Structures are given as structure tokens and as C-alpha cells.
Amino acid sequence: MIMDGKKIKNTMTTVREAGLSRPEAGLDPRMTANGAPKEEEECHVSQKLAVLQEESLKPIKEDLAEWIARTLGIDITTDNFLEVLDNGVHLCNLAKLIQGKAEECVQNGTYDEPLPRVSLKYRNNATSGSWFARDNTANFLKWCKAYGMADDQMFETEYLVSHTGEKSVLMTILELARIGYKFGLDPPNLIKMEKEIEKEEEEVVVEVKPPKPSGLDAEDISQSHFMVRRIAFLCKCHDHVKKLGDGKYLIFGKVVQIRFLKNRHLMVRVGGGWDTLENYLIHHRPVEVFEHKRLVVGEPHDIGNKYLYFKSKYRSHAQVASEHNGHAHAH
């Protein structure tokens, strides 16, 4: 039930290394607070943010890998995810399975809308990186569009074939699972949680005490809240995380739904998808923006080079340590 404390600590260490908790950085447009060239620091921050992004995708990839393995009976994990899918064959198999489910729904009367007329052709022997792999993937995406998937929900063919857009691939497969669920295909855990949230939001609650989310007992809820508070403290923003109900929180002034995924990951429902709580807190911290002006010799005072200085509303780790040392010396 308890999330890996070492993982959380490592995540926050990465954030500190990225310089995200140093509001004093950037006073000089050319140099950072530690004296490093700005371009070098920005590159370092971009790399660290990429690591955080990859970490936030792992729970989603894990859930989808388990769903595909269960649905198709194939060996796929988070370690070989793109390698298994990059020839487009298994994605076409998923689409074909969903299409079969859709036809069954029409026949038994549980779905009364006309189905798209789309022929899904693909080569089972396509090799990774080949033209046939690209053709399989393109045909899969054509099927997705016919079944109502929006362009911005679909990855580009090359993203899968060349392993260059994992996030986009995951979002497309998650949307594919939603289509499958509509026709009775057993969904991934993330989709089950989405439907639970939608059901709760649709229900008119008369009781004074809000009902607990389905599938969660009292112990699950208390453990979940404990971990939410713990992560919020590590992110130095616990004052901005308020519990409104079971699984419902007010974070930075916005109401969000939080769920435990397989008793390992705290996931935040954001828009049409999901994010880890750690990544959500890091990327949604409000900032204060100040305009500074560096005077240029020989030019009027109102023509100085202007630049923006973004300052976090929260104290940096360095500030906290400095204040702590100051109190210690005072005593």
C-alpha cells in the first residue's frame, strides 16, 4: 500500500538539481545564481524535466502493458513496450478485436448507431522499422480516426516506428481502450477509475457525508490521504493541498480527483488523461513574475533591456536551510 519513499526522495532530489526550487536564479539574463552560463543551465533543467516526464509516464505504461498482455495474451512489459508494438501488428489486432466487439453489440441490440465502414488490412510478418511496419501503423491510425478518435489524440506513424514519441503513443492507446470499453471490452485500471469518477460526478448526493469511491475501503482512503500529504510536504506546497472528500482535493485553487493505481501510484485526473501527483505538483506551482530592466550606458533610462524574472511563491530548499541555520546560531 505504501509508495516507495526512496522513489519520492529521488524525484524531489532531481527537482532540486534542476534548479526549480531556486527562485533567485536568473537575475542576470546571461548567468544563473550559481555562476553557470544561462544556456548550460537551461539545457540541464530541460534534461531533468525530461527525466521527470519519463517517470510520470511509467504508471500509465505499466497499466497499458498489463491490459494489452491480458487482452491479446502476449508478452509485453514496460521494458519492451515499444519494441513489441512498433511493427503495428498488435495494435491492429487490438483494433480488430474491438471492431468484432462493436459488431456483436450491433447484432444484440446494445448499440444502435451505424458502425464505420473501414477495412483494416495489415501484415502479420512486418519487421520493426520496415515499410510494412509503417503501413500497418498508418492503417491502424486510419481505423482509429474512423472510430471517432480526434487527430490530436493520435500519434504520428514515425513516433511508434522510431520510438521517438512514447507519450503520444500511450495517449493514443489509452483512447483506444476507451473505445473498446464502449463496446464491452474489459478496460485498463485507469479507464475503470475514470468511469468511477464520472459516475460519482453524475450522481446527486443527498447525504451530508459524501460517499467513498467505489473499490476503496477505509484503509485504502486513509493510506491514500497519508501519501498525498507526504508528497505535498516533500514538494513544499502542503499548505495548498486541501482534502475536500474521499479522493477529491483542492490543489492550487483547483478541484482535482486523485486515485491509487494498483496501490503503488497516486494519479491525478487531468483533462482527458492522468498524471502522477509528484509531476502534477511540480508543474502546477504558481509563480510570481517580475519585470526587471538592465540600464544600458548611453541610452535613456526608459530604453533599458527588459527581462522577466520568475520567482516561486514557495521557499527554496536553500532558503529553508539558511533560515534553519540562522535560528540555530541565534540560540
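Reader: Why is Arg70 called partly exposed?

Author: This is a predicted model, and the relative accessibility computed for Arg70 is 45%. Since buried means under 20% and exposed means over 50%, Arg70 falls in between and therefore counts as partly exposed.

Reader: What makes the pair of Arg70 and Asp186 a salt bridge?

Author: The side chains of Arg70 and Asp186 meet with N to O at 3.3 Å, and the cut-off is a side-chain nitrogen of Lys or Arg within 4 Å of a carboxyl oxygen of Asp or Glu, so the pair qualifies. A search of the whole structure finds twelve salt bridges.

Reader: How do you know that Arg178 and Glu194 form a salt bridge, and are these residues buried or exposed?

Author: Their side chains meet at 2.7 Å, N to O, which is within 4 Å, so the pair counts as a salt bridge. It links Arg178 in helix α7 with Glu194 in helix α8, 16 residues apart. Arg178 has 15% relative accessibility and is therefore buried, and Glu194, at 1%, is buried because its value too is under 20%.

Reader: What ties Glu194 to Arg269?

Author: Glu194 forms a salt bridge with Arg269, and their closest N and O atoms are 3.4 Å apart. Because Glu194 lies in helix α8 and Arg269 in strand β4, the pair ties together parts that are 75 residues apart in sequence. Arg269 has a relative accessible area of 19%, which is under 20%, so Arg269 is called buried. Salt bridges that share partners join Glu175, Arg178, Glu194 and Arg269 into one network.

Reader: What makes up the largest nonpolar core?

Author: The core has 49 residues, and those with the most contacts inside it are Ile68, Phe81, Leu85, Phe140, Trp143 and Ile173. Among the elements that give two or more residues to this core are α2, α5 and α7, while the largest share, eight residues, comes from α4. Leaving aside neighbours within four places in sequence, Ile68 is in contact with several residues, among them Phe81, Leu85, Leu94 and Ile173. A second, separate core of 18 residues includes Met227, Val241, Leu266 and Leu277.

Reader: Why is Ser130 called buried, and which backbone atoms does its side chain reach?

Author: Ser130 is in the loop between α4 and α5, and its relative accessibility of 14% is under 20%, so Ser130 counts as buried. The side chain of Ser130 reaches the backbone oxygen of Thr127 at 2.6 Å and the backbone nitrogen of Ala133 at 3.1 Å.

Conventions: Residues are numbered from 1 along each chain as its sequence is written. This is a predicted model: local features need pLDDT of at least 70, side-chain atom pairs count only at pLDDT 80 or more; totals for chains, interfaces and linings use all residues. Side-chain values use heavy atoms; hydrogens and water are left out. Buried means under 20% relative accessible area, exposed over 50%, partly exposed in between (1.4 Å probe, protein chains only). Helices (H or I, at least four residues) and strands (E, at least two) are DSSP runs, numbered from the N terminus. A nonpolar core is a set of buried Ala, Val, Leu, Ile, Met, Phe, Trp, Tyr and Cys residues joined through side-chain atoms within 4.5 Å. Contact means heavy atoms within 4.5 Å. A polar contact is a pair of N or O atoms within 3.5 Å; within protein, one must be able to donate a hydrogen and the other to accept it, and residues adjacent in sequence count only if both atoms are side-chain atoms.
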